[in-house]
Amino acid sequence: MNRSPSFSVKSESSVKVDPESLQQWAVAFCVIRFDLEQGQLIEECYPSGYLSSEEELDVAFSSFPDSVSQHQNRSSIHDCMFFFRVQRRQGSAPSNVKSSGFQEHNGKSLPSELPHELVKSKLSNNARGNKYLYGYVFNRQRHDERLKRGGEQKSVVILSHRPYSSVFRPLLQIMGPLYFDIGKKALEHIASYVSMWPAPLPGKLMELPIGNAMLKVNLPPAHSLPLDNGKHEESSSSMAPLLPTNQSIPQGLFHDSDIFGIFRGILLQLWVLWELLLIGEPILVIGPTPPQCSEAVASLVSLVAPLLFSVDFRPYFTIHDPGFARLNSLQEGDTFPPMILGVTNLFFLKSLRNIRHIVSVGTPAGISSRQPISNRFSSGGVPARPEGSGLQQISFKKFSPSSFLSAVKLRREGPLSLMTEHKEAVWTSYTAVTKPDTSILNRLIDAGMSPRVEESMSVVNNEILRRHFLELTTNFLAPFGPYLRATTPSEGSSPFVDPPPLPQFNVDEFLASLSARGAGKFLSKRMRSNWLDLYRRFLKGPNFMPWFERRRAVAEQEQHRLWREARMTTDITLFISKMSELEIVDSFNAVERHLQWELQVSKLGKVSDPAANTFEKLTKDLQAVFNVLPKDMQQLLLMNPERAALLRGNVEDTMPL
């Protein structure tokens, strides 16, 4: 989305920022300049004080390409957009918290609406509650031989705890050019608009006004967001692994990424990469530019939707990242932690030799990537394997001696061949269980050499690929469904007793049952005979337990809701006449527990329906059970003052038992 010519900003007197509302979307808006003598410098940051001095360095180093583009004319401007993800520093002090929103620059300070105490409070809250910081970058390189060293670089950066690329990409397309038009005031104006947005609604289509423009964006669903992004209400539809009925609703992170465009040369390798992502293997993604490597990482993460992806991923990783020293110190034979690293610096090929899976994507500047799909399948996209026999990919459409020789050469030279020439390829010793679905690839539309047509066709192709891998992942997760499915009270049974627990999960029993039952019709057509090994690896990997425990918790909450609703609509007297005295006592205790729970959540403000109606219904149920109890037992129960208050319906006198 380009900034509209009619886009207008607020007048100076009307600029107001609600800091609390702003923080629901963005942490800060920064402008970073590359200084030839001092390196990366943060010129402006609005509001100030939300980053520690160490975090400022992390952000600054991640906001520039490793090298300046070389294909510009003598005097030209080159813009690019990408994003990064850095880990927040724990316990760091703010670099320079002022009462002003902007940091002091050149001895001047801009006024702001943000009070000093609020900034300090927000800094500490954000540091505790969020592990990662996303940076969405609009980078401008201006080549001008009249300037020192022939040019300058600046980056406009949106910092957020949210992986909302569908929001911040179009916002950057407005904010970046606006900053270079009107200067630092652009940050305050954009912050003012963003602070007026409603709170994010995960999984929903939102309309977000920005000046005269309107951003219509789909946010990723709650079940795909890491828990450090805060708690969101997760719908029951995401509880069990079932295909969504509404295909327009995103099912995972980065649903707007260009899978087809970035992996066009190695499409047959997507199924290998899908398995590596599923089991949480470390992957090094190499691209010529930050936009290409960050797009590739985002596309990879999106492949495993609707699975909660728990592997650390860095769309654009540099040697200045504080985590690099630890990774670089790993000795030969040490296990590399599960990570996806997007890089442009070929130094990582030598320094991170312990990564066994390397993906090379994209094309260098000035080289067209728009070749027919059939040619791309049979050319440089052929991957090589440092171990094992055979080639992982030979074109299913066309075979030529040159493609075979290229594959053999890539395999022999390994990923270090990228030091001399960039090629799209995958190097891995992993043997995939899943077979590439050539019927899906045959459905992809080849736009040929037309950039305009290709852009529109990429939307169609991305939808085909994303739908397929969503179906593949959903079918892979389907066997876990019985362990994640809430139950409702059966007909004729009392909803006033505690609901049965969800089935206990045992790895050995699950695998034995799955082996006897089979992979299912969908997977059996697409996987080899050793398909059970993929489940074994998945169960041991870093993605399974966080996903399973979170789905389990949602299922338990859903079951609690269903049984609670049943209690509100069921007449308990219908069951009392059929109960023994012991069952009546158990029912009294159960209703009392439910009533106490309702009181607790009512005081905490966590119930959505009117607490008074619920309390009144359960109080009548408690009284009904009490009335059929023997007199001596009634007198014994009334000796407890809190219980007696409950029976009278006196909320003020009740305390948790």
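Biologist: What share of the 657 residues of the chain counts as buried?

Modeller: In this predicted model, 53% of the 657 residues count as buried. The secondary structure of the chain comprises 23 helices and 12 strands. Of the contacts with a separation of 6 or more, 77% are between residues 24 or more positions apart.

Biologist: Why is Lys154 called buried?

Modeller: Lys154 has a relative accessible area of 18%. Buried means under 20%, so Lys154 is classed as buried. This lysine belongs to strand β5, residues 151-160. Leaving out residues up to four places away in sequence, Lys154 touches Val31, Ile32, Arg33, Glu43, Phe64, Phe138, Asn139, Arg140, Tyr179 and Phe180.

Biologist: What makes the pairing of the Lys154 and Tyr179 side chains a polar contact?

Modeller: The side chains of Lys154 and Tyr179 are joined at 3.3 Å. The limit for a pair of N or O atoms is 3.5 Å, and the value for Lys154 and Tyr179 therefore falls within it.

Biologist: Which residues of α7 and α17 meet, and how are they classed?

Modeller: From α7, Trp274, Glu275, Leu278 and Ile279 meet Leu534, Arg537 and Phe538 of α17. By class, this contact has 5 nonpolar, no polar and 2 charged residues. Glu and Arg count as charged, so Glu275 and Arg537 supply the charged class.

Biologist: Which members of the largest nonpolar core touch the most other members?

Modeller: They are Phe29, Phe263, Trp274, Phe476 and Phe480, in a core of 105 residues. Helix α7 (residues 270-279) contributes the largest share of this core, 9 residues. A second, separate core has 21 residues, including Ala28, Leu51, Phe82 and Val86. As for Phe480, its contacts beyond four places in sequence are Phe505, Phe510, Tyr535, Phe538, Leu539, Phe544 and Trp547.

Biologist: How do you know that Asn640 caps the N-terminal end of α23?

Modeller: A side-chain oxygen of Asn640 lies 3.0 Å from the backbone nitrogen of Glu642. With 3.5 Å as the limit for a polar contact, the distance from Asn640 to Glu642 therefore lies within it. Within α23 (residues 641-648), Arg643, Ala644, Ala645, Leu646 and Leu647 are buried. Just after α23, Gly649 adopts a positive phi of about 80 degrees.

Note on methods: Residues are numbered from 1 along each chain as its sequence is written. This is a predicted model: local features need pLDDT of at least 70, side-chain atom pairs count only at pLDDT 80 or more; totals for chains, interfaces and linings use all residues. Side-chain values use heavy atoms; hydrogens and water are left out. Buried means under 20% relative accessible area, exposed over 50%, partly exposed in between (1.4 Å probe, protein chains only). Helices (H or I, at least four residues) and strands (E, at least two) are DSSP runs, numbered from the N terminus. A polar contact is a pair of N or O atoms within 3.5 Å; within protein, one must be able to donate a hydrogen and the other to accept it, and residues adjacent in sequence count only if both atoms are side-chain atoms. A nonpolar core is a set of buried Ala, Val, Leu, Ile, Met, Phe, Trp, Tyr and Cys residues joined through side-chain atoms within 4.5 Å. Contact means heavy atoms within 4.5 Å.
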